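Dear colleague,

I am passing on the structure below for you to look at alongside these notes.

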Amino acid sequence: MLAIPSVQRDSGFTNFITKKTNDNVPKKSAPARGEDLHPTIFREYDIRGIFGETLHPHNAYNIARAFASKAGSVQPRIICVGRDGRVSSPVLHEAVCQGIIDSGFDVIDVGVGPTPMLYYASYTSAAAGGIMITGSHNPPDHNGFKFVWQRGPFYGEDLRMLRAIADAGDFIHGRGSHETADIRGDYIHALLKCYKGGPLNVAWDAGNGATGDIMAVLCHKLPGQHIALNAVIDGTFPVHHPDPTVPETLSQLISVVTSHGLDAGIAFDGDGDRLGVVDDEGEILWGDQLLMLYAAEILKENPGGTIIADVKASGALFEEITRLGGKPLMWKTGHSLIKSKMSEEGALLAGEMSGHLFFSDQYFGYDDALYAALRLLNLLSRSGQKLSQLRQALPKRVNTPEIRFDCDEHRKFSVIHEVKGRLKENGADVNEIDGVRVTTDDGWWLLRASNTQPMLVARCEAHDAAGLLRLRNELHAQLTFSDVALPE
């Protein structure tokens, strides 16, 4: 048995580790160099590609070797590995494990589950880091890797250095071991600790993603009536795509909530780090609305606390945090970027419009949609109100949803640069934290380049419908000048 020195845990993490021989890990040779790494797979805060086209098993092997090589002489020489339920994840998982082992590090394999479970394993042990094989909310043929380094995010310059190591084939060598750890019980216990409310009636939709097994256990353990939808992990996503930011993916959940008279509906993305919520009337609550509810609860106990939201969030959120006695901070979109800023600022809570929600208040500070869901149900139960009533009491604005549209991977950043230049020449009020967020008397509009896909992302928010139309027209004009069409 390999003993992992404990950093923070609820109960015997090491008790669940079982030895596996190295014969259970494939010994296939892999290229010593990574010169065929596709230029599009390295993003700002993770690695993503199309399996068999831009991402291959030998890429996974070299990436894992580079990650272990960057870890170097850190002790203990342990890396946690997990995977989602995609069809391509097992073969990528095997290649990652072999790459770690061939670099002289030991693998602690936590198996299939949500990305936050891999985070939990990495944060509650003394492992050097962790690698999660996941395509997140992307289509079924996509896959990739998210990383943890010494209980913190691994992104930006870290990933650029990782690529340089892989390109050069500058790997360390050794012979590690491969062991498994069933940490689901510990993880579920850590999740349930936050729930102190009474019975509720809730529908839960895993979308056949990696949260399915854990979600089903929570439905059994929580008080009240809980309906588990699409809980079987199936990487083909046969019912609907697992992206709760797309309203169409919530239609089944909304139907179940409204037809059964339930208190709420909860949805997850493919790897369980993004949350979707519908209330008892079938209305969707977006990330910034959820942050307002969480902020009200947290700031009661922590007056003056810092709360971070990304540039896509409503202006009403930042005003509401101030009204509640907190310190609002607008920051760049991206789960790793938010986590890093959260640690730097000592923030209690952070979130994005995309449904990534981060709690350092009573939790670890990473994005865990299962935990965020339980925090929401806890505050709902204790409020004595319906979720629709809590939603209706929130400050209101007129806004567009997040508008995402295709733009060439290289062209997208040029468009932002061009728009920014024209706006500055015209003396506009521009926030440049992430793309351009332009404030006018009507409200604001945003244009930024996606860090994970060949897309531009836009959003507009105003005090009334006429103002929203003017803002959209301004955005449309700027895109037209750059020969880009804004979708209708």
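In helix α10 (residues 335-345), the buried residues are H335, S336, L337, I338, K339, K341 and M342, where buried means under 20% relative accessible area, exposed over 50% and partly exposed in between, computed with a 1.4 Å probe on protein chains only. Helices (H or I, at least four residues) and strands (E, at least two) are DSSP runs, numbered from the N terminus. The buried residues of α10 pack against α3 (115-123), β6 (142-149), β13 (306-310), β14 (327-331), β15 (349-351) and β16 (357-359), contact meaning heavy atoms within 4.5 Å. Just after α10, G346 takes a positive phi of about 65°.

Please bear in mind that this is a predicted model, in which local features need pLDDT of at least 70 and side-chain atom pairs count only at pLDDT 80 or more, whereas totals for chains, interfaces and linings use all residues. Residues are numbered from 1 along each chain as its sequence is written, and side-chain values use heavy atoms, with hydrogens and water left out.

Four of the strands form an open sheet of mixed pairing, in the order β14-β13-β15-β16, two strands being counted as paired if DSSP finds at least two bridges between them. Because β14 and β16 stand at the edges with a single partner strand each, one side of each is left without a neighbour in the sheet. The twist from one strand to the next averages 15°; axes here are lines fitted to C-alpha atoms, for helices over the stretch in contact, and angles run from 0 to 180 degrees between N-to-C directions. Within this sheet, β15 and β16 pair in the antiparallel sense over three bridges, and A350 has F358 in β16 as its bridge partner. Helix α9 (residues 315-323) lies across β13 and β14, and runs at about 155° to β14.

Strand β21 (residues 443-449) is largely enclosed by the rest of the structure, because seven of its seven residues are buried. Both of its faces are covered, with G443, W445, L447 and A449 buried on one side and W444, L446 and R448 buried on the other. Strand β20 (residues 436-439) pairs with β21 in the antiparallel sense over four bridges, T439 having W444 as its bridge partner, and the two strands form a hairpin with three residues between them. β21 also pairs with strand β22 (residues 455-462), again antiparallel, over seven bridges; G443 stands opposite A462, and the hairpin that joins β21 to β22 runs through five residues.

Turning to helix packing, helix α5 (residues 184-192) and helix α6 (residues 212-221) pack at an angle of about 50°, with their axes 11 Å apart. The two are therefore oblique to each other, given that angles under 35 degrees count as roughly parallel, over 145 as roughly antiparallel, 65 to 115 as roughly perpendicular and the rest as oblique. In this contact, R184, Y187, I188, L191 and L192 of α5 meet I214, V217, L218 and K221 of α6.

Finally, the largest nonpolar core has 74 residues, of which W204, L275 and Y294 touch the most other members; such a core is a set of buried Ala, Val, Leu, Ile, Met, Phe, Trp, Tyr and Cys residues joined through side-chain atoms within 4.5 Å. Helix α11 (residues 369-383) gives the most to this core, with 10 residues. A second, separate core of 35 residues includes L55, I63, A68 and I79.

With best regards
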